[in-house]
Structures are given as structure tokens and as C-alpha cells.
Amino acid sequence: MLPNIRIVLVQTYHPGNIGASARAMKTMGITDLVLVKPRCFPDTEATRLAAGAEDLIECARVVDSLAEAVSDCVQVVGASARLRNLPLPHFDEPDAMARDLVENAAHDPVALVFGRERSGLTNDEIRCCSHQVSIPANPDYAILNLSQAVQVLANEVFTAWRHRPENGYHPPRAPMDRQPTQAQLAHFHDHLGRVMRQSGFLTQPHAQTEAQLQALFARARPSRKEVSLLRGLLSALERPSD
Ligand code: SAH
């Protein structure tokens with residue numbers, strides 16, 4: 001039903017949570033499940049808790065890193081109960097996130113990413129995201145069970161899809177407006193990092209500057225055309241001038 005919307009679970013500890021997440025997804029018409037290094041999978045507990053969504057478990061793809069799981073996505077929303085220092089665009093309201101995600105999913109793959117039961121997502125993983133979302137909850141106890149967080153956000157996505165004004169018809173986007181994939185953005189940031197080091201602007205190999213610029217471009221949301229313009233500029237700067 002929502003083929004371009006992917007759910008990514010990062011290093012899930014309890015296989016039961018994978019099964020319960022698959023069930024939550026299927027009830028909301030989402031079927032693309034990607035698991036980043038699950039502790040134990042396949043597993044009978046995952047299949048038992050899927051209860052009718054075993055097909056999703058059988059088709060789930062297992063990958064080694066979050067970057068690999070989302071490389072073809074044009075929007076990657078990390079679900080997190082805590083706010084990080086990294087100034088990524090943040091959705092305080094899941095319904096606003098869901099409307100944006102559904103709109104982007106009309107043209108390209110997008111992902112919703114969930115962290116580990118105990119420690120959530122690392123800062124490096126948050127850096128693979130273009131946005132963050134939090135589910136508003138009791139300030140004294142705001143951490144949901146993983147599969148319940150999947151259920152809440154999957155329901156928001158399904159609701160946004162149902163209420164979509166032009167439900168069913170998506171005119172192709174002009175190339176100007178098309179969002180870059182995470183892989184295209186990663187290549188741009190590698191290129192920018194290389195130029196910053198070669199020019200002597202950056203001296204530390206893992207300077208915070210690179211993370212800040214990454215967050216800046218995540219907020220600016222350049223189109224594919226704008227990213228290729230910036231790459232052209234970087235290439236010109238790399239060429240020795242006569
Ligand atoms: N102790 C972890 C919580 C992990 S809960 C932490 O502090 O980050 C497992 C996952 O469920 C989280 O990584 C997140 O993806 C999701 N989750 C739980 N509660 C959430 C909330 N209130 N808003 C958004 N995502 C939430």
C-alpha cells in the first residue's frame with residue numbers, strides 16, 4: 001500500500017520487538033522492513049509476535065549499517081525520545097512529519113528509523129538521518145517500547161496517506177525539485193570534506209565543522225540539481241588555476 005515507506009530497526013535486542021513491529025507495520029499498510037545488525041534474527045519469537053505479519057519477517061532485509069539501509073532514500077527520519085545537540089530539522093508533531101514523509105514517498109523511497117531498546121540511536125546514526133521526530137509523551141516517562149513507537153508513527157503515516165488531498169495521483173516532480181538520495185548527499189559531503197582539508201581550512205580529521213555543515217545542508221534541503229551545482233563548484237576549486 002505504501003511501497004516507498006521503509007521502516008529500519010537498528011540493532012534490535014529482543015526478537016519479539018521485531019515481530020511486534022512487523023505486525024504494527026502491516027496493520028498500517030507498510031511492508032518494507034530493514035534490520036541493521038539485529039542481535040538474533042531469524043528467531044521463533046519474532047515470528048510468533050508477528051502474528052499474521054510473518055510475510056514481512058520473511059521478506060525483511062538484514063544489512064550491516066544504517067548508511068547501507070537508507071542509501072537510496074531521499075528522506076530519513078530518526079525517531080528519538082531525546083533531543084540531540086546536532087541541529088537537524090526536528091518534527092515536534094508526528095502528524096507534520098507524516099505528511100512530509102508521505103509527500104516525498106510519492107516519488108522516491110523514504111525511511112523511518114528506530115534505535116536500540118536500551119540506548120536508542122548513536123550520534124553517528126543520527127547523522128545518517130535528514131530529520132528527527134519525537135512522539136510527545138509524559139515528560140516524566142516519555143520512552144515508548146520500540147514496537148509501540150513503530151505503531152504510533154506508522155499510524156500517523158497511514159492517516160496522512162488517507163487524508164492526502166490528491167490521494168492516488170502524483171504528478172512527476174520536475175528534476176529541479178527532486179531531493180537527493182542519502183548516498184548522493186554522502187558523496188557531496190565527502191567531496192566538501194576533501195576540499196576543506198586540501199585547502200587547509202580543516203586541520204582535524206574528524207572536526208565538528210563537518211557535522212555542523214552536514215546539519216546545515218540537512219536543514220537547507222538542496223535539490224538534486226543544487227547538489228550537482230555545488231559539486232561542480234567544488235571540482236572547479238580543486239583544479240589548479242593557471
Ligand atoms: N533508552 C533509549 C530509548 C530507546 S526506546 C534512548 O534513550 O534513546 C527504542 C526506540 O524507540 C528509540 O530509539 C526510538 O526510535 C523509539 N522511541 C521510543 N520512545 C520514543 C518517543 N517518545 N519518540 C520517538 N521515538 C521513540
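Q: Which residues does Ser147 touch, not counting residues up to four places away in sequence?

A: Contact means heavy atoms within 4.5 Å. By that criterion, Ser147 touches Asn17, Ala20, Ser21 and Ala24. Before going further, note that this is a predicted model, in which local features need pLDDT of at least 70 and side-chain atom pairs count only at pLDDT 80 or more, while totals for chains, interfaces and linings use all residues. Residues are numbered from 1 along each chain as its sequence is written, and side-chain values use heavy atoms, with hydrogens and water left out.

Q: Is Ser147 buried or exposed, and with which side chain does its own side chain make a polar contact?

A: Buried means under 20% relative accessible area, exposed over 50%, and partly exposed in between (1.4 Å probe, protein chains only). Ser147 has a relative accessible area of 9% and is therefore buried. A polar contact is a pair of N or O atoms within 3.5 Å; within protein, one must be able to donate a hydrogen and the other to accept it, and residues adjacent in sequence count only if both atoms are side-chain atoms. The side chain of Ser147 makes such a contact with the side chain of Asn145, at 2.7 Å. Ser147 itself lies in helix H7.

Q: What is the order of the strands in the sheet?

A: Strands of a sheet pair through backbone hydrogen bonds, either parallel or antiparallel. Helices (H or I, at least four residues) and strands (E, at least two) are DSSP runs, numbered from the N terminus, and two strands pair if DSSP finds at least two bridges between them. Here seven strands form an open sheet with parallel pairing, in the order E3-E2-E1-E6-E4-E7-E5. Strands E3 (61-63) and E5 (90-91) stand at the edges with a single partner strand each, so one side of each is left without a neighbour in the sheet.

Q: How many bridges join E4 to E6, and how many join E4 to E7?

A: E4 and E6 pair in the parallel sense over five bridges; Gln75 has Val110 as its bridge partner in E6, and Gly78 has Val113. E4 and E7 pair over three bridges, again in the parallel sense, and Ala79 stands opposite Val133 in E7.

Q: Which residues of E4 point one way, and which the other?

A: In a regular strand the side chains alternate between the two faces of the sheet. In E4, Gln75, Val77 and Ala79 point one way, Val76 and Gly78 the other, and all are buried. Five of the five residues of E4 are buried, so this strand is largely enclosed by the rest of the structure. Both faces of E6 are likewise covered, with Val110, Leu112 and Phe114 buried on one side and Ala111 and Val113 on the other.

Q: Which residues come nearest to the ligand?

A: A residue is near a molecule if one of its heavy atoms lies within 4 Å of it. Of the 19 residues around the ligand, Ala79, Arg118, Ile135, Ala142 and Leu144 come nearest. A backbone N or O atom of Ala79 lies 2.7 Å from an oxygen atom of the ligand. A polar backbone atom of Arg118 is 2.8 Å from a ligand nitrogen atom, and a backbone N or O atom of Ala142 lies 2.8 Å from a nitrogen atom of the ligand.
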